[in-house]
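Hi everyone, thanks for making time today.

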Amino acid sequence: MKHKSLELLLAKVADQLSCRVELIPHINNMSEIILWADLAITGAGTTLYEVLYLGTPALICVLEDNQVPSASEVFKLQMGLFLDINSFDCFSKTFRLILESYPTRMALVENQNKYFQDVGITKDILYEIFN
């Protein structure tokens, strides 16, 4: 199951970092946690739209085939980074890059803002664009 392998990869990488990483899977108060977080790791399903709308830097995992179009569009618009859950080395490298590079995180947020604040796109419109 891809979701379980993602949790195991996250735990393994988090254990190797010198900074504080708090993994919060399966939450009920999604918007509150996304706003609180410095970084969101999400699949490319409906939670992705909420992460982008709220302006949180995102690492995006494609967990199911139907998520490929949404993820591809987000990557093309540079609103999130791809997180490969099939390779520990790639996963770890991307995870470390985003954690260690504040400018990279802020560039993602700026690109998110272009589509939500500046252009006025709503979640419904974004969903239609990506699907």
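Let me start with a question: which residue in β3 is the bridge partner of isoleucine 60? It's phenylalanine 82. Before I go on, please keep in mind that this is a predicted model.

That bridge belongs to a pairing between β2 and strand β3, residues 81-82, which run in the parallel sense over two bridges. To get from β2 to β3, look for helix α4, residues 68-76: together the three make a right-handed β-α-β unit.

Now turn to the other neighbour of β2. Strand β1, residues 40-43, pairs with β2 in the parallel sense too, over four bridges. Here isoleucine 41 has leucine 59 of β2 as its bridge partner. And there is a right-handed β-α-β unit on this side as well, made by β1, helix α3 (residues 46-54) and β2.

Let's stay with β2 and ask where its side chains go. Ala58 and Ile60 point one way, while Leu59 and Cys61 point the other way, and all of them are buried.

Leaving aside residues up to four places away in sequence, leucine 59 touches Leu39, Ala40, Ile41, Thr42, Leu81, Leu83, Thr94, Phe95 and Ile98. In the largest nonpolar core, which has 14 residues, Leu59 is among those touching the most other members, along with Ile85, Phe91 and Phe95. At least two residues of this core come from each of α1 (2-16), β2 (58-61) and α5 (88-100). There is also a second, separate core of 13 residues, including Ile34, Val51, Leu52 and Val74.

Key
Residues numbered from 1 in each chain as written. Predicted model: local features only at pLDDT ≥ 70, side-chain atom pairs only at ≥ 80, totals over all residues. Heavy atoms only, no water. Core = buried A, V, L, I, M, F, W, Y, C linked by side-chain atoms within 4.5 Å. Buried < 20%, exposed > 50% of the residue type's maximum accessible area, 1.4 Å probe, protein only. Contact = heavy atoms within 4.5 Å. Pairing = 2+ DSSP bridges. Right-handed = clockwise from strand over helix to strand, strands pointing away.
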